[in-house]
Amino acid sequence: MIQGGCKDTRGLSWAARFKFARHQALAIVGYKKRVRLTLRDADGCCEISAPDGSVFRASPISWRAYRKGFAARLRDLDRTYQFKALDPPPGPVLDVGAHAGEFSLLALNEGRTVYAVEPDPDALACLRRNLSDRNSLTVIDALVWKAEEELIFTLATSKADSSIFGADDPAKATGVVCRRATTLDRIAEDHGIDGLAFLKCDAEGAEPEVLEGGRELLRRTARIAIDTGPERKGHRTSDDCEALLRDAGFRVRTRQRGRIVTYGTRGSGTLPLRAVCG
C-alpha cells in the first residue's frame, strides 16, 4: 500500500518547492542540460515526467534524479554500476534492492532476462507500474538476508532508505514491518536460476549478509556490482563485501566516485553454471 500524502509538488517542503521552481526556470534556458519536469499525483505514486520519458516513484522528492531527463538518469545508473563496461556474458540479471526498477529497465533494454527483488511495499508498487509491460521480467517481493528468519524492517521509502538497520535519517522513517527474510540461494532455487551474468545489489547496509546467503549462487555469477557506501548505521560495507567476493573467486575492486561501489569480475566470458552430476 502506497503511503499517504500528496505525490506532486504539494508533497514537497517549502524549501524543496523553491528548488524545484528554480530548476524549472534554469531548464527554460537549458542551463547545464536541465530539462523541464512535471510531477503528478497518479493513484498514490508520483509520476515524474521529462521530455524523453516518465517514471513512477513513491515520493516527489525523487525529482532531482531526473534534472537532465530520463535517459540521463539511466546513463548515470550505468556509470554507477558499470553494467555495460563490465561486459557480462549472455545470461540473466538479478537486481537486489531494485526500488522503482530503473536498473532493471537498463538491463531489460539490453535484452536481458531480469529478476527484480524489492522488499519495500511502496517501492514495489512503483516498480510494478514502471515495468508492467515487460515480458522478460520476474518481480520478487522479498527481503534478502543471510538466513530465512523473521526480521524487523524499517520503511523509509521517500529517500530509498528502507533497511533492517533503520533509516539513515530517522525523521524520514514511516514505520516498521515484520518480514520473513529469504536468501539469494533460495531465490535461485525457487526460480530455477542456474547462473547469473550480472548481480546488482543495493541492500541499504545489509550487503554482506546478502552475499553470505548466496555463497552457492555467487560461484555461478559472472559479474557483480554492490553499493557498499556508509548505509549501515553510517558505516560502509566495502571491506566485508570484498572479502566475501574474493572467497567466491572474484577479482575485486572498489570505486569511490560519487557512490562507493564494489565490483567483482571473473575472467571467463561465459556464464558459470551449476555443475551437473550424472
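**Charges, cysteines and salt bridges**

Me: Which residues form a positive surface patch?
Reply: A surface patch is made of residues with over 30% relative accessible area and no salt bridge, where like charges are joined within 9 Å and nonpolar side chains (Val, Leu, Ile, Met, Phe, Trp, Tyr) within 5 Å; a salt bridge is a side-chain nitrogen of Lys or Arg within 4 Å of a carboxyl oxygen of Asp or Glu. Lys and Arg count as positive and Asp and Glu as negative, with His and the chain ends not counted, and the place of a charge is taken as NZ of Lys, CZ of Arg, CG of Asp or CD of Glu. Accessible areas come from the Shrake-Rupley method with a 1.4 Å probe, and for residues only the protein chains shown count as cover. The positive patch is formed by K32, K33, K68 and R75.

Me: What pLDDT do side-chain atom pairs need in this predicted model?
Reply: Residues are numbered from 1 along each chain as its sequence is written, and side-chain values use heavy atoms, with hydrogens and water left out. Because the model is predicted, totals for chains, interfaces and linings use all residues, local features need pLDDT of at least 70, and side-chain atom pairs count only at pLDDT 80 or more.

Me: Where does K68 lie?
Reply: Helices (H or I, at least four residues) and strands (E, at least two) are DSSP runs, numbered from the N terminus. By that numbering, K68 is placed in the loop between β3 (53-57) and α2 (70-81).

Me: Is V29, from the nonpolar patch, buried or exposed?
Reply: I28, V29 and Y31 make a nonpolar surface patch of about 330 Å², and V29 sits in the loop between α1 (14-28) and β1 (38-42). Buried means under 20% relative accessible area, exposed over 50%, and partly exposed in between, with a 1.4 Å probe and protein chains only. Because its relative accessibility is 65%, V29 counts as exposed.

Me: How many disulfides are there by the distance rule?
Reply: A disulfide is a covalent bond between the sulfur atoms of two cysteines, taken here as a pair of cysteine sulfur atoms within 2.5 Å. The sulfur of C45, a buried residue at 1% relative accessibility, is 3.3 Å from the closest cysteine sulfur, in C126, and is therefore too far for a bond. C241, buried at 0%, has its closest cysteine sulfur in C201, 7.2 Å away, and is again too far for a bond. By this rule the count of disulfides is zero.

Me: Which residues are linked in a network of salt bridges?
Reply: R186 and E148 form a salt bridge whose closest N and O atoms are 3.5 Å apart, linking helix α5 (residues 184-190), which holds R186, to the loop between β6 and β7, which holds E148. R186 counts as partly exposed at 30% relative accessibility, and E148 is partly exposed at 38%. The network of salt bridges links E148, R186, E189 and D190.

Me: What separates R180 and E150 in sequence?
Reply: R180 forms a salt bridge with E150, the closest N and O atoms being 3.7 Å apart. R180 lies in strand β8 and E150 in strand β7, so the pair ties together parts whose separation in sequence is 30 residues.
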